[in-house]
Amino acid sequence: MKGKLNIRHLATESDAEAELFDDVAQADFIESQSLWRPVLWAACRILHLKGKPLPLYKHWDWTQKAPALGRLDVTFFGLRCRGHLQGLMKADTGSLNRCRLDGQKGKELVYVDYVETAPWNIKDYMEALGRQALFSRVGARLMQAAVTLSLENELKGRVGLHSLPDAEDFYRGIGMTPTERDPNKENLLWFEFTPEAAEDFMRKYQ
Amino acid sequence: MSDKASQAWAELEQLEDKAHGSFAGGLLLAVDANALSCEPKAIPASDPSVVDTILDSLDVPMLHIRRAENPDAMKKEMSQFFRENAEVANLAARGFEALSDDAAKSIYEEFIELQEKAKRRG
């Protein structure tokens, strides 16, 4: 799945053309590590000094996900704009996770187990560094890619994931349904797209 | 894009910001089952000049601070600034010797400007 789409350039309040791609390579992970991490850590240190609560997992080295590259049941998506990586997502079509909502319980879905956007697209981080955030809509566009992957695999737009705490409102906002906290995943809240909600999401945010 | 669509995007963009760039925890917990509840590790240090170089290369714009329009707004912003930057207030109270050279230079330039303004006012 490849294609052009628009994200939002915040300083000019105008659309910016971005490229979605699904042939993410090791070099993209290295880019995320070498460019994203120093910026993220610098922002987090400042926020920490100011006493702002920080997620505990920000130190994590995402290059550990690289072994999954090349697996047929796993698709890594990247989103690039103006030559730089703006977001990454891992979507699993062969996951053991199944739908949990009444009415579609047990059905197969696309399981999204990793979504991250570049730190320069996060308002709080950039304000800590005396800057304006660069682009918005990266997370939303990646979730639309997950829905499209689901449709391409005849899963009717069904997508599920364990939301990190700060992202729960985002998933409610795009129309996913929260079901239950998963005791096997540190009580993260499970969210799911029904086919109808997925269709609404794609139509509403074009 | 219609006003309704723009409004929907604006609301979603706020929620996206609130997620702070990390959205799903499946992979994180697959690699480290206690990633969310374990003791926080120290945030690695970053070289500020490297960070600035990265952000400049991406054309990430500097934040322009909006100027307060009246004395009440000024007082409110100053109170807010010192509440959010307690370390600056503490430094001011006990001396600036502990400040890094770059930070001292930046604050000193502001200080000179304030002094000049005060002299002009007589």
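A:Lys105 pairs with A:Asp102 in a salt bridge, with the closest N and O atoms 3.5 Å apart. Both ends sit in the open: A:Lys105 is exposed, and so is A:Asp102. The model is a predicted one.

**Salt bridges**

Side chains of opposite charge can pair when their charged atoms come close. Over all chains, a search of the whole structure finds 16 salt bridges. Among them are the following pairs.

| Salt bridge | Closest N to O distance |
|---|---|
| A:Lys105 and A:Asp102 | 3.5 Å |
| A:Arg100 and A:Glu180 | 3.7 Å |
| B:Lys18 and A:Asp169 | 2.2 Å |

A:Glu180 has a relative accessible area of 40%. That value makes A:Glu180 partly exposed.

A:Arg203 is partly exposed, at 48% relative accessible area.

Salt bridges also link A:Asp28, A:Glu31 and A:Arg80 into a network.

**A buried arginine**

Is A:Arg37 buried or exposed? A:Arg37 is buried, because its relative accessible area is 1%, against a cut-off of under 20%. Its place is in helix α1 of chain A. The side chain of A:Arg37 makes a polar contact of 2.9 Å with the side chain of A:Glu116.

**The interface of chains A and B**

In chain A, 67 residues are in contact with chain B, and 50 residues of chain B take part. Together the two chains bury about 5,500 Å². Carbon and sulfur atoms account for 65% of that area.

Polar and charged pairs also cross between the chains. The count is four salt bridges between chain A and chain B. One of them joins B:Lys18 to A:Asp169. There are also 16 residue pairs in polar contact between chain A and chain B, counting pairs with both residues at pLDDT 80 or more.

Which elements of chain A give two or more residues to the side that touches chain B? The helices are α1 (26-49), α2 (123-128), α3 (138-152) and α4 (168-173). The strands are β4 (84-92), β5 (110-117) and β7 (159-163). Helix α1 of chain A gives the most, with eleven residues. By type, the residues on this side of chain A divide into 32 nonpolar, 15 polar and 20 charged.

**Nonpolar cores**

The largest nonpolar core has 73 residues. Within that core, A:Trp120 and A:Tyr171 have the most contacts.

What does A:Trp120 touch, leaving aside its neighbours within four places in sequence? In chain A, its contacts include A:Leu35, A:Trp36 and A:Val39. A:Leu85, A:Gln86, A:Met126, A:Ala133 and A:Leu134 are also among them. In chain B, A:Trp120 is in contact with B:Ile54, B:Leu55, B:Leu58 and B:Val60.

Another core, of six residues, lies apart from the largest one. Among its residues are A:Leu164 and A:Leu188 from chain A, along with B:Leu29 and B:Ala35 from chain B.

Conventions: Residues numbered from 1 in each chain as written. Chains lettered and ligands numbered in written order. Predicted model: local features only at pLDDT ≥ 70, side-chain atom pairs only at ≥ 80, totals over all residues. Heavy atoms only, no water. Contact = heavy atoms within 4.5 Å. Buried area = accessible area lost by both parts, 1.4 Å probe. Salt bridge = Lys/Arg side-chain N within 4 Å of Asp/Glu carboxyl O. Polar contact = N/O pair within 3.5 Å; in protein donor to acceptor, adjacent residues only side chain to side chain. Helix = DSSP H or I, 4+ residues; strand = E, 2+ residues; numbered from the N terminus. Nonpolar A, V, L, I, M, F, W, Y, C, P; charged D, E, K, R; others polar. Core = buried A, V, L, I, M, F, W, Y, C linked by side-chain atoms within 4.5 Å. Buried < 20%, exposed > 50% of the residue type's maximum accessible area, 1.4 Å probe, protein only.
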